[in-house]
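Dear colleague,

Please find below the structure that I am handing over to you.

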Amino acid sequence: MTPDLDQHLADAATAIEAAVDLDALRTVDADLLGKQSVVTTARKALGAMDVEERKVVGRLLNEVRSGIQERLEARRTELETAARSEQLESERLDLTELDRGRRLGHRHVVTRTWERLEDLFVGMGYTVSEGPEIEDEWHNFGALNFPPDHPARDMYDTLYVDHGEPGSTLLRTHTSPVQIRVMEAGGPPIYSIMPGRVFRSDTADSTHMPVFHQLEGLVVDRGITFGDLAGTLEAFTRAYFGGDFTSRLRPSYFPFTEPSAEFDIRRPDGTWLELGGCGMVHPNVLTACGLDPEEWSGFAFGFGLDRLALMRHGIDDLRELFRNDRRFLEQF
Amino acid sequence: MKVLLSWLSEFAPFVGTPDEIGDQLSGLGLAVENMVAIGGGLDGIVVARVLDLRPHPDADRIQLVNVDAGDGEALQVCCGAFNMTVGDLVPFATLGTTMPNGMQIGRRKMRGEWSNGMLCSPEEIGLGVDQDGILILEGGHTVGQPVTEALELSPDVLFYLEVNPNRPDAMCVAGVARDLAARQGVPFTRPDPSPQEVGADAAGRVAVEILDKDLCGRFMVRILDGITVGPSPKWMANRLTALGMRPINNVVDASNYVMLELGQPSHTYDLDAVQGGALRARRATEAETVATLDEVVRTLSTKDGVIADGHDTAIGIAGIMGGSSTEISASTTSVVVEMAWWDPMSIASSARRLGLRSEASARFERGADPEVADLAMRRFAELLAETGATLAPGVVDVRGVTPASGTIRVRTSRVNSMLGTDLDRDAIAGLLNSIEFTAEPAGEGGADLDVIVPSFRPDSSTEIDVVEEVARIHGYHRIPRTLPRSAITGGLTPYQADRRVVRTAMVGLGLDEVMPVPFLAPGDLERAGLDPDGVTVTNPLVAEESVMRASLRPGILKTLAYNASHRIHGLGVFEVGHVYRRPAETQTLPEEREHLAVALAGRDAGAAVEVFSALADALDARDYRLVAGTTPGMHPTRTARIEVGGVVVGHVGEVDPGVLEAFGVGERVGWLELDLETLLGLPHGGRPYRSVSRYPSSDIDLAFEVDETTAAADVGSCLTAAAGDLLVDLALFDVFRGAPVADGRRSLAFTLRFQAADRTLTDAEVAEVRQRCIDAVQGSLPATLRG
């Protein structure tokens, strides 16, 4: 009996190794360990043996059986691994072929600049205010201390619209009328910026557009000084442009501020760039908005928003902002 | 305004380099736009005589000139100017010269012809930039003589200043010098000439009358005799040229010189040509005409001021331009000099109405100094005396109304609280006195100042005006910088925050933001299928920019067409911007709303609906309905109106193919346009949290056959209403047309998921709610359940 079992184990090992796939291995498994198998049949015959013989043959049978099981298990693992890698291999992909350049959309570069500025001033404790683009003469000029027929109105090439009395309704020439609306809407303290679209009767060229954007700032509170204005613009300059930029104020003239100033920034290379206008809110403006200039004081500033967008990205033509060529839009 | 350093220096002993002085001027609010060294670096430029002029054989814009530069030889030069004639003396840059701008003059060929040097324009030799052509040298110069010698040029610095409208005082050299002297702390001295007076008194020779005292605040005349009209001295001509005024003759030049130096415009009349021996300042009569010096007959209105003669004939337009009838001529021997003060508003509006601006009107409309006339007269006589004229004794000086100059109380505390400075009373007084304001302590030992503003500062009339002067002369850069702490909580409004969500959603959907100009051309609204009656610009520069958009559609369609013309198709874009409409009722301003528009080129209405539903998800505005129905300019069978909580917020679908054709867009265009202000003003967001059920859910599918006019959304709403709280999900998963479904009908298959928060649903419960759903749909809609 014994030599037979040894031979059987050897034959079993050969059959297991010969199984080419998991299906074949299952057949071999049934042949070697199933009801009709040599091992099962031999086990059934154990009952007819005497105790001693049964003990010896039984142990032998167990060894053979576990030997077969070990070999089957090993072969199964081997075949499973092979099958999985075959499966994985069949799923091989060239990922570069699948990269078709799926894109998100792009915010307009003016919006990006607008939101960047909003975030900066919100961080300084400011709110954001907006007003109508078609304005009345009072908010755009009158309340801002432009007397009727004053030559200062000539500084603005105003576009008028056919609404109400001739000359009464216009495309706002600056964001400053929003100052008036903010002061009319609620009392101080006011810490607000007013970004928006403005209009001038200008022929489009690389630095002019009949439509462009400005950002206005207004602070009205007790004890606000010209030094506060200078400090605020310096803080803005460093935060927006970088710590190696600095600012200066030069005397200027706007009817709605006094003292008035031009606001220049100094680039790291030492050159100066005129950025915008600013000044202390004129007492007449406060009075026009129902505020007592002896109790409240404030400053206002304004600058072109588009120009900041051009500067940051090195765009050399203002008209590009409004041309809406996709090859331009998708760069930002 | 331009000033020469040498001229400034006649008023004060200035120190510092030109760069330092330039910075000081900018710091005073007289922004230096440009600064150029003139009168130097002209070695190699000599006087040459034009011998011959002939066309260039191969160029229209260049001519060939032969010049003699002193050696008697004819040298050929190519020249782009045509204002010379044979015999003229001109400045000539010889070979090897380095021009003031760094250009090297070498022998070179221009279109096949040799050029042996360069003839110079006034700008090229630093004599001002306002003249075209080659400088023609007047007077007897020696050919070959250095041009600096011939023109008596000396090195100088020319500053181009930007003078703000509130600074009439800085429209003259003396005014600029006054500010600069204050900044430098050096004494400022005005000239005080006293020319000898000879001959008959002016008072008996010319009378002056002011008929409109609001128009004319002062009218002073004097008479000069012994006039010989001829060229001005070289030094004066050079200065006028440098400041941008063309020298004309000694009389006109002296008048201009005094205006540039002291800010007082003047006008000179040929005494013999003034009829009736009188000058009268009055308003013009309606349609009165006057021939001005530029030989144009001007028709005036009753708002314009004129100077009339003794016969009441208008002989000049007040403050703007004199008339030709009394113009100085070669035969003039005596002149009447007028130095007047005109009402700024009158001059400004007349100059605008007549389209006529002069150096004089520019000064009057800003507000001239009514008190400088006497000095200016004496200065004028002094200058003209150089060419032999004499000043007659007597001054005819008539006054009208000029701005009153009162005393302004200036509080030291106010100065410091506005500026954030710590200046004491005397320091403030010192700053003000340095620019000839008179500042005295208010009362004995008072902390404040009483300030009298000089007559040349009409802009300064209130305390805050004086505060600005203190800041300006003290120096803005010396005011300590402080950062105020905001007294409020900053942040975006809910609308502004939502608008960012909208943009983020659009960008996330792959759409690019566009920003077309909001101007449209006439007819654009109509082409877009919209009401053509838009808000109109009354004074557009071009007709293409004369209509304000009432919808974002025309601008975006133009954008699509523009990109398509560059072979960029399939654009997916969005815009957030204002649209403007005539208001329904009388209101102060036109109706203005912020809209969102989305255009999907090459995609259909379905894609546009998807954009909207994604947006609704982003904003958590799920209570919306799409209701079939079109709107002007949209595809009549592929458009739905969007209602949120029953309020119409916009439309979605496709642009009408006819509109697309009119805008030259060759693709189908999915379109969404929403009134953002309305949408974001409606309740959205903030839905209460609903805990996730841990019990199993049951799915059922229901397919209904409906006709084409029954909206899938209506079936869906009906199901939602019938299913009640147990329904957690509803989706339309299949739409089927064709056999066995009858023609004109379709099958809509929905999947419904039911789930309870507190138990596992029984089969009986699911069956019951299923039946309720079927009954509801079949009962209220023309729909039948498919088996």
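Predicted model: local features only at pLDDT ≥ 70, side-chain atom pairs only at ≥ 80, totals over all residues.

In chain B, the domain assignment gives domain 1 (2-38 + 158-184), domain 2 (45-153), domain 3 (202-399), domain 4 (407-474), domain 5 (494-681) and domain 6 (698-785). Between the C-alpha centres of domain 2 of chain B and domain 5 of chain B there is a distance of 63 Å.

The two chains touch each other through 76 residues from chain B and 68 residues from chain A. On the side of chain B, helix 12 (residues 463-474) gives the most, namely six residues. By class, the residues on that side of chain B are 39 nonpolar, 26 polar and 11 charged.

Helix 12 of chain B also packs against helix 11 (residues 425-433) of chain B: their axes come within 9 Å and cross at roughly 85 degrees. The two helices of chain B are therefore roughly perpendicular to each other. Helix 11 of chain B contributes Ile428(B), Leu431(B) and Leu432(B) to this contact, and among their partners in helix 12 of chain B are Val466(B), Val470(B) and Ile473(B). This contact has six nonpolar, one polar and one charged residues.

Glu436(B) has a positive phi, near 65 degrees, and is a residue other than glycine. With 17 other C-beta atoms within 10 Å, Glu436(B) is partly exposed.

Chain A contains an open sheet of seven strands in the order 1-5-6-10-9-8-7, with mixed pairing. Strand 1 (127-128) and strand 7 (246-254) of chain A stand at the edges with a single partner strand each, so one side of each has no neighbour in the sheet. Within the sheet, strand 8 (residues 257-266) and strand 9 (residues 272-281) of chain A run antiparallel and are joined by eight bridges. Ser260(A), for instance, has Gly279(A) in strand 9 of chain A as its bridge partner.

One joins Pro188(A) and Pro189(A), with omega about 0 degrees; Pro189(A) lies in the loop between helix 8 (176-185) and strand 5 of chain A. Another runs from Glu258(A) to Pro259(A), with omega near -5 degrees, and Pro259(A) is found in strand 8 of chain A.

Yours sincerely

Definitions and conventions: Residues numbered from 1 in each chain as written. Chains lettered and ligands numbered in written order. Domains from an automatic or database assignment. Contact = placed C-beta atoms within 7 Å. Helix = DSSP H or I, 4+ residues; strand = E, 2+ residues; numbered from the N terminus. Nonpolar A, V, L, I, M, F, W, Y, C, P; charged D, E, K, R; others polar. Axes fitted to C-alpha atoms, helices over the stretch in contact; angles between N-to-C directions. Parallel < 35°, antiparallel > 145°, perpendicular 65-115°, else oblique. Pairing = 2+ DSSP bridges. Buried ≥ 20, exposed ≤ 12 C-beta atoms within 10 Å, placed from the backbone.
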